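Visitor: I have a structure to go through with you. Could we take it piece by piece?

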Amino acid sequence: MNGWRPARVLAVRPESASARALVLQVPSWPGHLAGQHLDVRLTAPDGHQAVRSYSIASAARRPGPAEVEIGVELAVDGEVSSFLTGEVRAGDVLEVTGPLGGWFVWRPGDPAPVQLIGGGSGVVPLVSVVRTHAGVPDAPELRMLASVRSPAVAMYAAELAAFDVVWTREVPPGSTRPPGRLDAELLAATTVPAASSPTCLVCGPTPFVEHVAELLVELGHDEARIRTERFGSAR
Ligand SMILES: Cc1cc2nc3c(=O)[nH]c(=O)nc-3n(C[C@H](O)[C@H](O)[C@H](O)COP(=O)(O)OP(=O)(O)OC[C@H]3O[C@@H](n4cnc5c(N)ncnc54)[C@H](O)[C@@H]3O)c2cc1C
């Protein structure tokens, strides 16, 4: 049965200039699929509580004791993200519930090619798919396209290095493409063609996700094969 459970912070790792990965030790984790998220509940000394959702970066897990990683990006003036990226230390205990979400997932048995598209911290659940996919023998083709403001704020840069990145404001040294937004031409050039009927997972700020989903449909992708996860507002 799901419910709030304690999660001890095992490790805190900088993930970019504005983000951190938190590795949580959960004694009785129900297991999760790649792409799912959990909710974190914080309780202040005066009883005030705040709950926010965070995607799971760890590869899919079976039920049992587990280390579950989340990646949190600081939202300016954000109540919960400022605490999770600034104040939480190893040894602290948070409350979590999950896993949550049954649609925005990738299951290893799916024979279709996989196209992942993430904006900003939207790469977090996609990293879970990449890590899960890496452990599956004879897995289908997988491609990822990430939209990132600048190298300084690139979360999971080691994972992104194996894939395509569009830098929207500042490019890394040696990059041949100038900074710019993701458009239909770039999408068509870097992603699995619609004719191959990939499963598309698109995640990030709401305007990014809506824009990309529209472009995919324009490129001929079947709407039923486009799974989206919206993280809320974007600055
Ligand atoms: C299913 C799901 C999965 C998510 N996974 C992740 C994840 O893996 N990593 C992650 O960092 N976040 C993730 N989020 C977003 C996260 O839940 C919070 O919304 C975010 O951390 C901001 O919360 P806050 O309490 O810091 O800000 P709040 O105090 O709620 O808001 C402060 C200010 O930030 C703005 N704001 C709120 N949310 C966002 C946002 N997502 N982006 C930019 N500005 C925002 C608000 O408009 C407001 O002005 C996810 C959201 C959902 C719904």
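Visitor: Leaving aside neighbours within four places in sequence, which residues is L24 in contact with?
Guide: L24 is in contact with A7, R8, V9, A66, E67, V68, I70, L94 and V96, where contact means heavy atoms within 4.5 Å. This is a predicted model, in which local features need pLDDT of at least 70 and side-chain atom pairs count only at pLDDT 80 or more, while totals for chains, interfaces and linings use all residues. Residues are numbered from 1 along each chain as its sequence is written, and side-chain values use heavy atoms, with hydrogens and water left out.

Visitor: Where is L24 found, and is it buried or exposed?
Guide: L24 is found in strand 2, residues 19–29. Helices (H or I, at least four residues) and strands (E, at least two) are DSSP runs, numbered from the N terminus. L24 is buried, with a relative accessible area of 0%; buried means under 20%, exposed over 50% and partly exposed in between, with a 1.4 Å probe and protein chains only.

Visitor: And what separates the C-alpha atoms of L24 and V9?
Guide: They are separated by 4.6 Å, with the two residues 15 apart along the chain.

Visitor: Now E95: buried or partly exposed?
Guide: E95 is partly exposed, as its relative accessible area is 26%. E95 lies in strand 6, residues 93–100, and, leaving aside neighbours within four places in sequence, is in contact with W4, R5, D39, V40, R41 and T43.

Visitor: On to helix 2. Why is it described as largely enclosed by the rest of the structure?
Guide: Because ten of its twelve residues are buried. Among them are V123, P125, L126 and H133.

Visitor: What do those buried residues of helix 2 pack against?
Guide: The partners include strand 4 (49–55), strand 5 (64–73), strand 7 (114–119) and helix 3 (157–160). Helix 2 also lies across strand 7, strand 8 and strand 10, running at about 150° to strand 7. Axes are lines fitted to C-alpha atoms, for helices over the stretch in contact, and angles run from 0 to 180 degrees between N-to-C directions.

Visitor: What is the strand order in the open sheet of five strands?
Guide: The order is 9-8-7-10-11, with parallel pairing; two strands pair if DSSP finds at least two bridges between them. The edge strands, each pairing on one side only, are strand 9 (164–167) and strand 11 (226–230).

Visitor: How many bridges join strand 10 to strand 11?
Guide: Five bridges join these parallel strands. The bridge partner of L201 in strand 11 is R227.
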